Amino acid sequence: MKKLLYLIVFVSLFAFPFNLSAANFKIGIVDMQQIIQTSKVGQQILAKLKKQAATKKATLEKKGSNLQKKQQELQNSVVLSPQARKKKQTEIMEMQQSLQMEFANAQREFQTKEMEETKIIIGQVQKIIAVYAKQKAYDLIVEKTLYTAILYSKNKPTNITKIILKQYNAAH
């Protein structure tokens, strides 16, 4: 998610030409992570994703307890023939592998959904930032994490995160 954010900020830096020699070069800073996490839309999406994750977790836990039950039955059964024991062990191993794959798939699915939703929010926020930057005559608006890489700036930046967050919440 951070890589995507850095890429968007980097591309947006060079997408708009600006005059670096201007005496009143106006710089703004936006904390996109804060906006994503604290906006109404971001919180709704997070709640929805958490609910989906909890449902999937319950399903996986149920399958996990069934697996443990079968493992316990195998350990407790002393009258099984070697062939029957081997068959049960194979069955348990297959269940275990299936459960591990299902868990990994659920994690990937969750991350994919989170990234898709984050991209949507970032796109919406960028539109608000562009309008705000034009209205307030900003020459450059940088994502907070990218700005920390700047070692020196003649002009002091203004953190506009709260303003952008407020406008984003009002618009969505």
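Colleague: What do the residue numbers and the side-chain values rest on?

Modeller: Residues are numbered from 1 along each chain as its sequence is written, and side-chain values use heavy atoms, with hydrogens and water left out. This is a predicted model, in which local features need pLDDT of at least 70 and side-chain atom pairs count only at pLDDT 80 or more, whereas totals for chains, interfaces and linings use all residues.

Colleague: How many helices and strands are there, and what makes a stretch of the chain count as one or the other?

Modeller: Helices are DSSP runs of H or I with at least four residues, and strands are runs of E with at least two, numbered from the N terminus. The chain holds six helices and three strands, and along the sequence their pattern reads α-β-α-α-α-β-α-β-α.

Colleague: Why are α3 and α4 called roughly antiparallel?

Modeller: Two packed helices are described by the angle between their axes and the distance between the axes. Here the axes are lines fitted to C-alpha atoms, for helices over the stretch in contact, and the angles run from 0 to 180 degrees between N-to-C directions. Angles under 35 degrees count as roughly parallel, over 145 as roughly antiparallel, 65 to 115 as roughly perpendicular, and the rest as oblique. The axes of α3 and α4 come within 10 Å and cross at roughly 175 degrees, and the two helices are therefore roughly antiparallel to each other. The residues of their contact divide into 14 nonpolar, seven polar and 12 charged, where Ala, Val, Leu, Ile, Met, Phe, Trp, Tyr, Cys and Pro count as nonpolar, Asp, Glu, Lys and Arg as charged, and the others, Gly among them, as polar.

Colleague: Why is Ile36 called buried?

Modeller: Buried means under 20% relative accessible area, exposed over 50%, and partly exposed in between, with a 1.4 Å probe and protein chains only. Ile36, which lies in helix α2, has 9% relative accessibility and so counts as buried. Ile36 touches Gly42, Gln43, Thr118, Ile121 and Ile122, not counting residues up to four places away in sequence, where contact means heavy atoms within 4.5 Å. The C-alpha atoms of Ile36 and Thr118 are separated by 7.1 Å, although the two residues are 82 apart along the chain.

Colleague: Are Asn169, Ala130 and Ala137 buried, partly exposed or exposed?

Modeller: Asn169, placed in helix α6, has a relative accessible area of 16% and is therefore buried; leaving aside its neighbours within four places in sequence, Asn169 is in contact with Ser39 and Lys40. Ala130, in helix α4, is partly exposed because its relative accessible area is 34%. Ala137, in the loop between α4 and β2 (140-143), counts as exposed because its relative accessibility is 52%.

Colleague: What phi does Ala137 have?

Modeller: Ala137 has a positive phi of about 60 degrees although it is not a glycine.

Colleague: What makes a set of residues a nonpolar core, and which residues have the most contacts inside the largest one?

Modeller: A nonpolar core is a set of buried Ala, Val, Leu, Ile, Met, Phe, Trp, Tyr and Cys residues joined through side-chain atoms within 4.5 Å. The largest has 20 residues, and those with the most contacts inside it are Val30, Val125 and Ile164. At least two residues of this core come from each of α2, α3, α4 and α6, and α4 gives the most, with seven. Val125 touches Met32, Ile35, Ile164 and Tyr168, not counting residues up to four places away in sequence.

Colleague: What share of the residues in the chain is buried?

Modeller: Buried residues make up 28% of the 172 residues in the chain. Among contacts between residues at least 6 apart in sequence, 82% join residues at least 24 apart.
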